[in-house]
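Student: I have a model open and would like to learn how to read it. Could you walk me through a few features?

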Amino acid sequence: MSNENNDSNSKYVFGPHLPGDCPPTDAIPVTGAVFLGVPGLPITESHFRSYKEKGKKVRKGKECEGCSISVWTSEEAVEHAREVFSHMKDWYIARAELDRADGVILKTPSTNQPLHCSFWRDVRAQLETKFSIWASPQASAEAVRGP
Amino acid sequence: MMFDKTMVPSEILYYFNEPQLFVTKQGSRSLLVIKVAEHDNANEYLAVPTSENDIAKLKGGTISLRSAFFQPWCWLVKMDDEFGIRDSREVSANEVPPRYFPTAGVGLYPHHGRISDQTVTDTVTQPFMTFKFEGKNLSEGTISFSTFVTLISETYSSLHKVFSSAVGSIGSFSEVQLNRMLQIPMRETKLASLSIEIEHPLIRPPSRRAKQRFVAIDREAAHEGLTAASQSFIDAVQKIDSLARLNDLEQYFSYNPTTALAALAQLAPPESAAYEILKIGGTASNGQFTTITVDAKSGKRIRDVYKQAVRSGDQKIGNVVEINKPSNTFILEDFIGRKTTCVVSAPNFDFDINSLAGQRNIRVFGQFEKRKMRDKLYLEKIESEYGIVWSK
C-alpha cells in the first residue's frame, strides 16, 4: 500500500516505506533544475532509492529524511560539494528539469545547511529517463598539499 | 588516542543522504569528521581534533575547511553505515592523501565564498611547532606524572636552545635575561600520547628596571629571527634524521650548525624509555609544514654522536659566557653546565675576541688540557652557525 499526499494541484503516490506524516507538510512540489550525485553509470532506478530503501539503518528521529534522496538545486551547491568532498569528485553529476508531478522537495531543512534539499519522488515518476549527465567525475589529480 | 566503538555524529554540518561532515564526541574531546572515500564494505573518514570555537568559526565562514582539517595529527577511520569503527589509524597530515583535504579556500557553505587558508592556518588552527611523543606507555589513556614533567621540561629546554640563539643575535643577554624575555606560548597539552604544540615565540619587553640597562630591542627583527630559527631547526632536524638513518651522522658536523643537534639530542627517543617515537612538526625554510619522525634507532645514534662531540677532548660545543680580552681567552659553557677556558693561542690581529660576546652554540676545536679547576682548550678553530669564525 502506498502513501498518498494531496496538494492543490496534484495527487502524489509515495513509497510504502514512508512514515505516515512523511513528506512533511511544508514540502513543496518540485519544479526546475535538480542535480543528483551518481556513483556509476548508467542512470537507473536504483540511483533514486532513499537511504532506507537501500536497506540502511535510519537514525531515530530522521525516519522521514531517511526516506528521501538528497539533491542539489543549484550549480553553485554542486561545485561547492565537489570542492569539499573527495569522494564526490568521483561521482557523475546528473541533472534534470523536474516538474511538480515528479515529487515534492523540502528546501532549507537545516539552518546548518541552507542549500540542502530533500526530495521525495512520486513512485510513478520515470526519473531515470529525465536525468542526464551534467558533469563527469573530476580528474583525480592530487591536490596541492598544505593549506 | 583510544576511540569509542562508534563515531556517532553529535552535530551534522553537511548532510547528503547521510552525514558527510559532522562533529562527534569521543570522551571529553570533540572531533571534526569528514567522509573522504567510499569502499565496498565501509566508508572512510578523516577525523581531526576540534573545539567549539573552531566549529563556530567554520559556521561563520572565518576559517576554511582545509585549515580546519590540515592539522599535524589526524586519523583515517573506516566506519560502517551506522558509524561503527572498523579500523582507525593515526597519521600525520603529510600521510593523508592530498585529495582527501577540501580544496584550498573553501568554506563550510557556498555563501562563505573564498577564505584565505594561510592566514587562518597561521593564527588559528595550525600550531607553530609540534612535538609528539609516542610509545606504548603514552597510549593507554594515562601518563606517568614524572614522564609528563620530564618531557615538558626537556621540550622547553630544547626549544630554549633553538630560540635563544635568535634572541642572542639581536643583543647580548645573560641567561637570566634571556629567560625573562623569551616567551614560548604552549597550547593546551594533549595527554595519552603526549603532544606539545606551541605558538610563535614572543619577546617580552624588558621590565621598567631592565630598560635602564638594556638597549632597545627591535621586536620585529626578533620575531623574524625566531621564525628563521624555527625554520632552520626543522631543516636541520630533517637532515640529521636522514643522516642518522644512514648511520652517517659524522657528515653533519662538516657543514651544519650544532644548535639543532643539541636540541634534538635532548628529545630524541632512547631505546628504553617512556616513548619510542618523536614526531617534530614545523615549517621548513621552503614554507611547507613538515613532520619528521625520529625513531629509537635514529634517536640513539643522534644522542651518541652528540655525546661524543660534547665529551671529545679536542672539541667543545657551548655558549660564550665570559670574555677576557687582555688574556685573549673566553669561557665556554656547554649544555650540561661545564665550563672550559678557551685560549686564542695565536691571535689573528683581524679577529676581535669581543665579537664572540653572547655567542651561543659555537663549536671550538683545539688542544685540550685537563685541569683541576677548569679545563683549558688552546684554540685552533671556532665555528658558529654561520661557518668558521676564526682559525689559527
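Student: What percentage of the 147 residues of chain A count as buried?

Tutor: First, some ground rules. This is a predicted model, where local features need pLDDT of at least 70, side-chain atom pairs count only at pLDDT 80 or more, and totals for chains, interfaces and linings use all residues. Residues are numbered from 1 along each chain as its sequence is written, while chains are lettered from A and ligands numbered from 1 in the order in which they are written. In chain A, 39% of the residues qualify as buried.

Student: How many helices and strands does chain A have?

Tutor: Helices (H or I, at least four residues) and strands (E, at least two) are DSSP runs, numbered from the N terminus. Chain A has 2 helices and 9 strands, in the sequence pattern β-β-β-β-β-α-β-β-β-α-β.

Student: Which order do the strands of the open sheet follow?

Tutor: Two strands pair if DSSP finds at least two bridges between them. Here the order is 4-6-9 in chain A, with antiparallel pairing. Strand 4 and strand 9 (132–135) are the edges, each pairing on one side only. Strands 4 and 6 are joined by 7 bridges, and A:Gly37 has A:Ile93 of strand 6 as its bridge partner.

Key
Buried ≥ 20, exposed ≤ 12 C-beta atoms within 10 Å, placed from the backbone.
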